[in-house]
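The sequence and the structure are shown below.

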Amino acid sequence: SSKRTLRTLFRPAVLPPPVISETSPSQKKLLAYHRGKEQQEIINQLLIDRALEVYYITMEETDEREAAPPITELPSTVRKYFFIKPLKILSFQADYLFLKKCVQSNPVIPIQQQWLRSMLTMVPQSLMEGRERELLTEELLKEVVKDYETSMQRCVLRRALIKPDIKELDKLEDEAPLPSLPLGLDFSSTWHDSYIKAKKRITSTLYILHPTMKTLLDFGYTAFFNFLVVDFSGCRLKGPVDCKSFKTDASLRCSKAEDKIMSTWYQRVLGLFTQSEALDGVKLDQLESFCNCVAVLLSNQLKELLQRTTEVFVKLFDPEDRSRLPIFKMDLTLDENRMEFYPSLQGLEEAILFVIDCIGQTLQNIQTVRALLTGGTATLDTELPAHTAQWAKSTLKRSIRVNLEGPKEHFKGYVESYGWLVDGTAEERIKRFVAEQPSFDEYT
């Protein structure tokens, strides 16, 4: 047993046990620190490359690229400016553009169709007729819808985001700047007090809101809504009328209409102002302006009556509707070897235009209410507007010229067929025939 052998001198080789151990928290912290440091170095290198790019681009814009030294040779303050500030600007730009894209991707409330229809109602119908006009209208409506959606997107963007004060963003955005708010207006103040104040002032100075004015409007509507100073709409049914009788009839009708208005409507107006309630709420210093308002209201009612009468009379001679065209008696006369109408066509035109003058001379001497109450002589302004009288006469002249084309052709046929009997041609032929001393057979 004491004998040494190789087995006893060398113990059998035994493999070491596997190393199984857990990383301690300190080791984990150390490894994370090293890994983070490596990542930070990579990020710093990328930022340095980007900062160099921004730095040299800036130098290019200022024409100083060749004179720009390497960024590593710049002082620390300059490096800080060209390194940190551009990176912050790039970050703000990216964030703002990303958020802007998100806001703009949201749907916009569509424009209401009734708004578009309201716009089209303000366009004259004559400008919308034709196939080309319809296509143009569609294009304009599409442009309106596009502008509306753009404005809504910009409004939502303005309310949702605040644009950074970065000049580089102005180059990236090609849209025009939003209109600035009006200056000098205080939108924070309440409007109710000023509204009540304005309402009271309007009520006290705008006399058309006075109950008396409403009563006057009712009087005028009742008296004039179906009344004309002179009405010749039934003249055609009476048959032919001569020009002299037509003028006399127009004068009598205008006179009777004025008497009727003065005895009915005007008496009701005067009776209203004999009551004390007519001036309720009107102060003594406001009496003159109140009476002026009454005078204007009465003048407008009478002017509207005269103008409507004129328009109805002009409508009678419309060449396109001759159902109520008056019939005038015209005589074909032979006077001093001439054949002509009596009265002449010029006289017929004067007789028709006389009615316009007759209407314009009606209701021209009506005293104002204030003049009657105080014994004055002021009268209402009831003159037929000059442009209305001018329009009526020019329209009647054109209509008369068109309507007399038939009588002129008729007269021309008479002259061509029988004019030689009255112009001396026939008498001259007879004298020449007698002077030739024809035979009995030629006489017969």
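How many helices and strands does the secondary structure of the protein chain come to? In this predicted model, the chain has 17 helices and 2 strands.

| Property of the protein chain | Value |
|---|---|
| Residues counted as buried, of 444 residues | 25% |
| Share of contacts (separation of 6 or more) made by residues 24 or more positions apart | 73% |

Helix H11 spans residues 287–315 and helix H12 residues 345–360; their axes come within 10 Å and cross at roughly 170 degrees. Because angles over 145 degrees count as roughly antiparallel, H11 is roughly antiparallel to H12. From H11, the residues Leu-306, Thr-309, Thr-310, Phe-313 and Val-314 take part in the contact, and they meet Ile-352, Val-355, Ile-356 and Ile-359 of H12. Classified by residue type, this contact comprises 7 nonpolar and 2 polar residues, with no charged residues.

**Thr-309**

A polar atom of the Thr-309 side chain lies 2.8 Å from the backbone oxygen of Leu-305. Beyond its neighbours within four places in sequence, Thr-309 is in contact with Ile-359 as well as with Leu-228, Val-229 and Val-230. Ile-359 is also one of the H12 residues listed in the contact with H11.

Definitions and conventions: Residues are numbered from 1 along each chain as its sequence is written. This is a predicted model: local features need pLDDT of at least 70, side-chain atom pairs count only at pLDDT 80 or more; totals for chains, interfaces and linings use all residues. Side-chain values use heavy atoms; hydrogens and water are left out. Axes are lines fitted to C-alpha atoms, for helices over the stretch in contact, and angles run from 0 to 180 degrees between N-to-C directions. Helices (H or I, at least four residues) and strands (E, at least two) are DSSP runs, numbered from the N terminus. Angles under 35 degrees count as roughly parallel, over 145 as roughly antiparallel, 65 to 115 as roughly perpendicular and the rest as oblique. Contact means heavy atoms within 4.5 Å. Ala, Val, Leu, Ile, Met, Phe, Trp, Tyr, Cys and Pro count as nonpolar, Asp, Glu, Lys and Arg as charged, and the others, Gly among them, as polar. Buried means under 20% relative accessible area, exposed over 50%, partly exposed in between (1.4 Å probe, protein chains only). A polar contact is a pair of N or O atoms within 3.5 Å; within protein, one must be able to donate a hydrogen and the other to accept it, and residues adjacent in sequence count only if both atoms are side-chain atoms.
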